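Have the sequence and the 3D view open as you read.

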Amino acid sequence: MSDSEFDVIVVGAGHNSLGAAAYLQRCGLKTLVLEKNAVPGGGAISESLGMEGYVHDTHATGVVHLQGHPILTADELELKSKFGLRFIHPEISFMSVFGDGTTLACYADLDRTCADIARYSAKDAAAYREMVQFMSGIMPMINMSMARPPLPFAGFLGMLGNMPGGNDLLLMFLKSAQDIVVERFEHPKVQLHLLKWVAEGLTCSPEQKTTGIAMLYLIGLSHEAPPGVPEGGMLSLSLSMIRCIEHYGGEIRLGVKVKRIINSGGVARSVELDSGEVLTARRAVVATIHPHLLGDMVDGLDPALVAKAGAVQLSDFGGLRINCALREKPIWKAGQQPDDCLYINLMDDTELMSFREYMEAMKLGRLNERPIACVSCHTNFDPTRAPEGRHTLYVFALAPGKLADGGIEGWDGIKEERADRIIEWLGGYISNLTPENIIARHVDSPLDMMRHSPSFQNGDLNGIAMFLYQMMGARPIPELSQYRVPGAEGLYLTGPTMHPGGGMTGGGRPVAIRIMEDLKVDYSAVIRS
């Protein structure tokens with residue numbers, strides 16, 4: 001092994017690892033990024049899927065958490081000012097369309113949102129406003145905590161308890177989203193509107209304890225820093241990071257699979273590729289490794305650590321994704337309101353009990369005849385994604401990762417049939433979703449998502465469950481939460497399984513801070529908060 005020309009080798013080119021590489025390179029550490037796929041981005045990716053002229057988001061399809069993150073608010077990596085990243089912010093962040101044709105929308109504007117809720121319940125509108133106002137006071141703290149290495153778990157809880165109103169906040173951390181919603185809201189459609197958003201964002205049942213604060217955070221972001229979509233598709237976010245890395249002297253290599261991290265004498269500075277080639281970094285290796293795969297990727301670790309990481313809990317379920325190329329834009333039976341919405345949540349249920357039963361069935365690996373789905377038509381506000389006059393349709397239908405009959409491997413045999421059922425069901429909401437309008441489609445199951453990235457075990461797009469006991473200083477386990485790997489000096493972990501969690505959360509920034517603090521690199525010219 002010869003001396004490397006790189007200070008840091010980064011394994012994986014998802015948005016977290018690209019973010020870490022960009023911060024490290026921007027602060028003077030020469031960085032090499034290795035990605036097994038031909039297209040970078042991990043979950044922040046767009047592809048044509050064989051449909052010439054169309055741009056489809058094939059995993060994440062919007063940026064929520066990152067809107068309140070210094071990577072955008074302070075433009076620390078110059079992604080917006082220098083490297084071409086532009087966001088479009090639809091008027092409506094998310095909305096629910098129910099089986100009876102009624103709707104409920106979350107606008108960026110709080111007053112409009114409350115007016116929409118008041119059509120069902122004036123009491124619920126007042127409760128929603130109170131909830132958003134409560135969150136506005138703590139959003140800066142939460143946003144900053146997500147952008148830095150986490151506090152130790154016990155220390156964080158102690159800090160909350162000593163804050164004004166901290167005990168109330170701590171209880172919200174411990175309760176389920178359903179607990180909070182049922183306590184505060186009376187109308188079933190308002191309850192379902194909020195709980196479906198949690199189920200979609202966390203890929204878990206809203207009855208799961210410790211999901212309460214996540215629901216409040218999603219609602220707070222919708223008004224403090226409304227979600228947006230990168231112009232030209234999610235890949236635009238990843239490409240802007242790559243432009244930053246390359247501009248400051250780093251390098252990206254695609255189609256390069258890392259077989260293992262070489263841990264020699266408790267020090268990890270080298271990676272072995274599938275080809276047998278060994279690459280060595282001068283100072284650190286940063287790797288996106290799912291905790292279930294830690295022992296497979298890194299030799300010589302304490303077996304107890306490997307076992308504890310392997311026991312980390314995955315999310316309750318995942319989803320089936322369908323990307324369609326359309327001749328004409330969807331015509332909604334509910335009217336034109338969905339045309340201005342980023343995330344359109346569709347569910348036949350209008351009562352909480354049937355929704356709860358649906359969630360429980362998915363946790364048990366069972367497919368319901370009536371789907372629940374989130375739909376986006378990006379070409380309504382970004383025409384660059386399709387040939388002139390044509391449109392795209394993105395459908396994400398909640399589904400078990402592991403089927404009760406066949407496990408995750410069973411998806412290969414049923415995914416097209418399930419997609420047929422979902423498209424048929426969507427016809428109850430979209431009047432022109434006919435064979436004549438659908439030029440082509442592509443279906444990905446939870447198994448396909450895991451094939452794309454080992455971070456998505458069993459199709460879990462959040463990496464691992466985002467429950468309180470697997471968040472902050474306990475994500476994925478306390479021993480790994482500071483990104484370092486005990487017994488492998490110089491190896492740091494990143495990705496959706498690490499703090500701050502799944503989704504577009506900007507997780508590369510805190511791991512870069514941790515690395516630079518350990519290496520005594522001055523990052524104050526770039527990171528000031």
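Which residue's side chain is joined to that of Lys189 by a polar contact of 2.6 Å? The partner is Asp100. Keep in mind as you look that this is a predicted model.

## Lys189 and its partners

You will find Lys189 in helix α8. Besides the link to Asp100, the side chain of Lys189 has a polar contact of 2.8 Å with the side chain of Thr102.

Leaving aside residues up to four places away in sequence, Lys189 touches Phe98, Asp100, Thr102, Leu104, Tyr120 and Thr350. Is Lys189 buried or exposed? Its relative accessibility is 9%, so Lys189 counts as buried, the cut-off for that class being under 20%.

## How α8 meets α13

Now for the helix that carries Lys189. Helix α8 covers residues 188-202, and its axis comes within 10 Å of the axis of helix α13, residues 352-363. The two axes cross at roughly 15 degrees, which means that α8 is roughly parallel to α13. The crossing of α8 past α13 is right-handed.

On the α8 side, Gln191, Leu192, Leu195, Lys196 and Ala199 make the contact, while α13 brings Leu352, Phe355 and Met359.

Key: Residues are numbered from 1 along each chain as its sequence is written. This is a predicted model: local features need pLDDT of at least 70, side-chain atom pairs count only at pLDDT 80 or more; totals for chains, interfaces and linings use all residues. Side-chain values use heavy atoms; hydrogens and water are left out. Axes are lines fitted to C-alpha atoms, for helices over the stretch in contact, and angles run from 0 to 180 degrees between N-to-C directions. Helices (H or I, at least four residues) and strands (E, at least two) are DSSP runs, numbered from the N terminus. Angles under 35 degrees count as roughly parallel, over 145 as roughly antiparallel, 65 to 115 as roughly perpendicular and the rest as oblique. A crossing is left-handed if the near helix is turned anticlockwise from the far one by less than a right angle, and right-handed if clockwise. Contact means heavy atoms within 4.5 Å. Buried means under 20% relative accessible area, exposed over 50%, partly exposed in between (1.4 Å probe, protein chains only). A polar contact is a pair of N or O atoms within 3.5 Å; within protein, one must be able to donate a hydrogen and the other to accept it, and residues adjacent in sequence count only if both atoms are side-chain atoms.
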